[in-house]
Amino acid sequence: FIVVLALLMTLVGMSASAEEVTRVTATSSGNAHVQFSNGYIGFCIDQRKLGAGKTEMFSVSDASDAKKNDINGDDTQADISQCLKTMLVYCHDDVFERYVSADGEEGGYYFTYVKSNSSGLVLVNVFWEFSDDRSITSDIDLRPAEKALIDKVRQCVTDHNPQIPNHYRHLIDEDEGIYATFDFAMMIPDDPRTQNFFAFKVSYDREVEADVNDPLRLSAQVDEYADKSYEWAEWVDDADGGSYHVIGSETDGVYEIGTITNDHHGKIYRCIVTDNYNNAVPYYFTIKVNGVSQQPEVMIAGDKTSCE
């Protein structure tokens with residue numbers, strides 16, 4: 001039995017940290033795919049201002065502070081956060097790529113600045129369309145893939161009127177039972193000349209079925225041509241509740257369990273993938289051994305809304 005799928009999500013710490021981080025630094029520079037010291041990825045939403053500088057200071061605020069800029073004199077200060085959340089959550093597969101090896105093995109979801117399989121879709125152009133009406137204010141025409149995603153988001157917002165909270169778990173693949181969990185925030189710069197950034201982080205989780213005496217293969221592999229690292233760990237219960245124990249010998253994108261036993265039922269494996277953008281992405285696999293009557297611990301429910 002071979003499982004060829006990757007997923008990502010935090011089973012420990014699903015809720016916000018008890019000590020909220022309110023001040024962060026940019027750990028990379030630019031106006032798109034900017035990393036912040038709290039693990040979020042940010043896209044700027046004011047085309048007229050400067051990009052972030054590395055080590056620049058920001059305050060963390062609620063995602064609802066994402067506002068449309070007064071470019072054309074209409075919808076001044078309108079909340080665009082639900083449009084941006086909808087794009088990332090309900091249009092997930094238009095934004096995130098999934099790795100597929102040459103022999104067809106599916107691995108992890110891969111987030112890129114330019115989505116290569118969508119005619120060069122540049123995500124910051126889509127962000128700017130909602131915040132700055134980029135198609136009007138820029139001499140650069142939107143690409144067909146960008147226009148299609150913008151139309152899809154607007155239609156989804158019209159049809160569903162989503163009210164996506166800042167911490168949100170969503171079913172992205174019903175057939176395979178893959179969930180994505182998103183956290184959203186705004187990063188507000190100390191320097192008023194710098195753009196505000198709409199920021200997020202994402203993780204995925206899934207229950208994996210296996211048969212006793214069969215091998216099991218878990219894949220968190222992402223783009224084989226990109227620089228990245230893999231850290232596998234297993235959840236171990238203890239008197240304090242439990243923690244992840246790193247499997248030091250496993251540093252590849254695929255982890256193989258030689259023979260499944262009943263003892264594997266309910267075990268949770270995690271793989272943290274650090275990609276070429278220095279994003280640390282955790283993948284979580286909960287093992288369900290067929291024939292064992294006791295069910296693994298049920299995860300929190302997730303929304304199944306789809307805009308496909």
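What follows is a short chat about a predicted model of a protein chain.

Biologist: Before we start, what kind of model is this, and how are its residues numbered?
Modeller: It is a predicted model, where local features need pLDDT of at least 70 and side-chain atom pairs count only at pLDDT 80 or more, while totals for chains, interfaces and linings use all residues. Residues are numbered from 1 along each chain as its sequence is written, and side-chain values use heavy atoms, with hydrogens and water left out.

Biologist: How many helices and strands does the protein chain have?
Modeller: The protein chain has five helices and 17 strands, taken as DSSP runs (helices are H or I with at least four residues, strands are E with at least two) and numbered from the N terminus.

Biologist: And how much of the chain is buried?
Modeller: Of its 308 residues, 50% count as buried, meaning under 20% relative accessible area with a 1.4 Å probe, protein chains only.

Biologist: What about helix H3, is it mostly covered or uncovered?
Modeller: Helix H3, which spans residues 123–132, is mostly covered, with ten of its ten residues buried, including Phe127, Trp128 and Glu129. Just after H3, Asp133 takes a positive phi of about 50°.

Biologist: Switching topic, which residues of H1 and H5 meet?
Modeller: Cys83, Thr86 and Met87 in H1 meet Leu149, Val153, Cys156 and Val157 in H5, where contact means heavy atoms within 4.5 Å. By class, that contact has six nonpolar residues, one polar and no charged ones; Ala, Val, Leu, Ile, Met, Phe, Trp, Tyr, Cys and Pro count as nonpolar, Asp, Glu, Lys and Arg as charged, and the others, Gly among them, as polar.
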